[in-house]
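Welcome! Take a moment to look over the sequence and the fold before reading on.

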Amino acid sequence: MNIKLRVLSLLKRKKERSERGIIEPGKKQDERSNVGTAKLITKDKILAPTSEISQQNSIPPLVSALKTSADQNAASFHFPGHNRGRAAPSSLVQLIGLKPFVHDLPELPELDNLFSPEGPILEAQKQAAKLFGSSETWFLVGGTTCGIQAAILATCSPGEYLILPRNSHLSAISSMVLSGAIPKYIIPQYDCLWDIPGGVTLSQVEKAIKELQMEGQKAAAVFITSPTYHGICSNVSDISKLCHSYGIPVIVDEAHGAHFGFHDQLPCSALQQGADLAVQSTHKVLSSLTQSSMLHMSGNIVDVERISRCLQTLQSTSPSYLLLASLDAARAQISEESESIFNNAIDLAVETKNIIRNIPGISVLDAPVFSSFSVIDPLRLTFGFWQCRLSGFEADEILYRDQGVISELVGTRSITFAVNLGTCRDHILRLASGIRNISTASLSFQKSQEKADHCDSAPFTDITMCLNPRESFFARKKKVAIGESLGRICGELICPYPPGIPVVIPGEIITKRALDYLLLVKNKGAIISGASDPLLSSIVVCDI
């Protein structure tokens, strides 16, 4: 769109706002007394979805705007095609009813614009920023994946270095494809008994920074995952202080920590610990709809305008207002009782841990497992089943079959359960009963009978990178039998999912350890994502 059309479009949009009775930010309601006749009419009264009115009614601003817009008696000639539910598919209506369709609206003027907010979206994001302690907050409809990509794109230019743990989520890898950043990997501490990685230490980050300095390079950003999927937290505070002393911004993948900082038994949030950017999956432990997340910014190291441009590049131009409103509603839910809302969830989690700890043959993941990481999210419960001669996949199948228990994350030797605001005592009792039954049915509590088929080291400890992620993405490729792939340059991102941690990344040499690990977890029941052949009979390699 050229400049003239942009200006005309903006003027038209402002005129439509005036006609629809939307109060512009910074203007009082009485200044708008002489608006035109085309006001929004609800069943009861004229209503403008402004921050002032929504605060009076204790309705979140974006939720209020969506309700008002959906309540109009409108002759709709706009998208989406179900036309406010009038043409909604009957099978889905039977499942979820009509209301989701009625409120599934496009970017109407009164609903604001995600990429240039000045009404209810702006107000909702401001209220979220106040709650989470950020200088700026952006709502995301592409999940935390989108936020991570925007954060890395905004801080790393082509050829610049990004320090990150090798067990980062695959979204960090795709971010380097998009940005052209070059990875400087940190190999995280790994516990082979549990077959899970830990976090990142201060000394590891400092070593990576100094190694780059010796090569005449400087890191454009440091990327940390805290907490991990298993709830293991890194010392973001010390890492942030170190990085800031070098003028390096800190990005935290806080997908699993949106609840941090809202209870004295919960860890401090990444922003409270000095991070510059934190991306949270609001839908994971908080209560927004799946796929909705937030990106928070603090300080002035990162260019706020560059973040906005990156998000505009990455996010859909047709964002779901159901997702956006759910973020606003989840924020309001926490705001109403931020100091006590997690009391019940934490009590149930502690009770569950204490019950399971006393069941023979079941191991409980606690801070002592990783000596360098003293903090674990109390709402993330991980239990090991190897003394019962069961893999996590086998134990998970038994729990589902016998008790209807559905876990969050299944590993080769453990299962992770997420406790949240909706967790109830009945579900805790079913979980405890199911695990107790597994223990009782097992005939092998002696350590001498313990299985020894777990890995002896992290599957990615001996990585060799021949091409950076962007180079390997665009390289010519071919498919070879798995037996012929050893020593070749991997051309696809292969990882068991969840948790979505790549075992082999494009551009890396395929090692025997990586292949053995992939085959081990596949045989135990893991789903292998990213591979063109999920059966792993063949692998795509770079043909160079």
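Predicted model: local features only at pLDDT ≥ 70, side-chain atom pairs only at ≥ 80, totals over all residues.

The protein has 544 residues, and 54% of them are buried. Its secondary structure comes to 18 helices and 17 strands. Taking contacts between residues at least 6 apart in sequence, 71% join residues that are at least 24 apart.

**A four-stranded sheet**

- Strands of a sheet pair through backbone hydrogen bonds, and the pairing is either parallel or antiparallel.
- Here, four strands form an open sheet in the order E10-E11-E13-E12, and their pairing is antiparallel.
- Which strands stand at the edges? They are E10 (363-364) and E12 (409-410); each has a single partner strand, so one side of each is left without a neighbour in the sheet.
- E10 is joined by two bridges to strand E11 (residues 380-384), and the two run antiparallel.
- In this pairing, Ser363 stands opposite Gly384 in E11.

**Helices packed on the sheet**

- Helix H13 (residues 343-357) packs on the sheet and touches both E10 and E11. The direction of H13 makes about 10° with that of E11.
- Helix H14 (residues 392-403) packs on the sheet too, touching E12 and strand E13 (414-418). Here the angle between the directions of H14 and E13 is about 50°.

**Two helices that cross**

- Two packed helices are described by the angle between their axes and the distance between the axes.
- For helix H6 (residues 120-132) and helix H12 (residues 321-336), the axes come within 10 Å and cross at roughly 35°.
- The crossing of H6 past H12 is left-handed.
- H6 brings Ile121, Ala124, Gln127, Ala128 and Leu131 to the contact, while H12 brings Tyr321, Leu324, Asp328, Arg331, Ile334 and Ser335.
- Sorted by class, this contact of H6 with H12 has seven nonpolar, two polar and two charged residues.

**Helix H18 and what follows**

- How far apart are the end C-alpha atoms of helix H18 (residues 512-524)? They are 18 Å apart, which agrees with the 18 Å that its 13 residues should span at 1.5 Å a residue.
- Several residues of H18 are buried, among them Ala514, Leu515, Tyr517, Leu518, Val521 and Lys524.
- Just after H18 comes Gly525, which takes a positive phi of about 120°.

Technical notes:
Residues numbered from 1 in each chain as written. Heavy atoms only, no water. Pairing = 2+ DSSP bridges. Contact = heavy atoms within 4.5 Å. Axes fitted to C-alpha atoms, helices over the stretch in contact; angles between N-to-C directions. Left-handed = near helix turned anticlockwise from the far one by under 90°. Nonpolar A, V, L, I, M, F, W, Y, C, P; charged D, E, K, R; others polar. Expected span 1.5 Å × (residues − 1). Buried < 20%, exposed > 50% of the residue type's maximum accessible area, 1.4 Å probe, protein only.
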